[in-house]
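Good morning. I will take a few minutes on one structure, going from the whole chain down to single residues. Please keep the picture in view while I talk.

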Amino acid sequence: MRIGIIGAGVMGRVYARTVTDGDLRWRAEVVAVCDRDRALAAELAGHCRARDFDDAERMLREVELDAVYLAVPDHLHCAPFLACMAARVPTLVEKPLATTMVDAERMRAAAREAGVPVQVNFSNRANPVFVRMRQAIAAGDIGDVVGVNARLSNIVDYPTRMLSWAGSTTCGWFLLSHVFDLAAWLTGARAAEVTANGVKGRLTGEGIDTYDIIQALVRYDRGFAGLYESAWVLPNSLPSPVDFKVEVVGSHGALYADTQDQMVHVANDKAYTWPGTLDWTQARLSDFLDLVAGGDAPADALDDALENSALLLALHRAVADGGTVAVADVLARTAAGATATTDGASR
Ligand SMILES: NC(=O)c1ccc[n+]([C@@H]2O[C@H](COP(=O)([O-])OP(=O)(O)OC[C@H]3O[C@@H](n4cnc5c(N)ncnc54)[C@H](O)[C@@H]3O)[C@@H](O)[C@H]2O)c1
């Protein structure tokens, strides 16, 4: 399979190298890399022995591709995704699908029109820890789910050094998108409403206008609630840049996961760390390539992702205005033609 990469940043590099340097190289090759920073595209293309571009439409015109992995900043997914759909190229687009409902609706409509396989990269669905959690819930090991608690946060270097566009997104879009999707996927429940709080201070003080932390209470259609938190100001001294803890409480049991602690602790004179030992990127990409090889576009491909964006917009409105915001209200306003903006306001 001939793969094109759009966005040669952190994630583009990880996924391109997963194809080029791992076992997937027997089934796929990266033949084109596009980044609007041409030097980044050229560097990664050099590693993959691929062609480099700074314009996605041109890449799609000039190179025959079986699939695209699209990893550009959260608020910029729409235009290159629409270009992929116009070229009818199966696409794995990064989460969150979009940061406005207008973009999300346009993307879903374009995917339906193109009729090619598309997925949003809620990569934790391929993490063996959460696959096992989901099996335990489905098998009835903890009885009925009565609550979910999850915390997914980054060290402060992430928004201040690793992402040049942190001020155009939030830890809600960047991190709670995963948490919200995971909770829905694990439990099968749909989010009904959200109450939330956000604090700004440290990051705005460093010239990045975004929240230090967002906390949320999400109520689901099955009667239970989820308590969630994402912070973007954790100390850089933590052993891993990502801190992800998930607890699912059931009527007759509970499940606990800490993806930062994967059993091996390394202590030496310099530091005490517990490095990640599980990498599920290959499994994630493999699932998508299976879908592309099958050729059938799922009828509801982007429905979950669109609801995820609606919940995230409700979250940001709840943070900005206080009170509780219904997801149905965001969806209804969109249907009525109002444009929900990234921060959840309507205009
Ligand atoms: N699934 C996951 O686990 C996971 C983890 C981290 C990030 N992400 C998501 O991946 C996406 C990318 O994040 P990142 O950390 O790689 O960001 P990044 O800033 O490291 O890379 C993004 C790249 O996209 C390029 N770009 C921007 N607009 C472009 C365009 N129109 N055409 C071509 N290139 C363009 C930028 O120049 C940049 O190099 C985000 O949506 C993020 O939320 C997902």
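The protein chain is assigned two domains: domain 1 (2–121 + 283–301) and domain 2 (125–277). Those bounds come from an automatic or database domain assignment. This is a predicted model, in which local features need pLDDT of at least 70 and side-chain atom pairs count only at pLDDT 80 or more, while totals for chains, interfaces and linings use all residues. Residues are numbered from 1 along each chain as its sequence is written.

Taken over C-alpha atoms, the centres of domain 1 and domain 2 are 25 Å apart. In the contact there are 10 residues from domain 1 and nine residues from domain 2. Two residues are in contact if their C-beta atoms, placed from the backbone, lie within 7 Å. On the side of domain 1 that touches domain 2, helix α10 (residues 281–294) gives the most, with three residues. Helices are DSSP runs of H or I with at least four residues, strands are runs of E with at least two, and both are numbered from the N terminus.

Now the ligand. Where does it lie? Both domain 1 and domain 2 give residues to the shell around the ligand, so it lies between them. The ligand is surrounded by 27 residues, and the closest are Gly 7, Gly 9, Val 10, Met 11 and Glu 94. To be near, a residue must have its C-beta atom, placed from the backbone, within 6 Å of the molecule. Helix α1 (residues 10–21) gives the most to this shell, with three residues.

Let us stay with α1. Its 12 residues reach 16 Å from first C-alpha to last, close to the 16 Å expected at 1.5 Å a residue; the expected span is 1.5 Å times one less than the number of residues. Which residues of α1 are buried? They are Gly 12, Tyr 15, Ala 16, Thr 18 and Val 19. They cover an arc of only 150° around the axis, which puts them on the same side of α1. The arc is that of the directions from the helix axis to the C-beta atoms. Val 10 and Asp 21, on the other side of α1, are exposed. Buried means 20 or more other C-beta atoms within 10 Å of a residue's own, exposed means 12 or fewer, and partly exposed is in between, with C-beta atoms placed from the backbone.

Last, one backbone detail. The peptide bond from Lys 95 to Pro 96 is cis, with omega near -15°. Pro 96 sits in the loop between β5 (91–94) and α5 (101–114).
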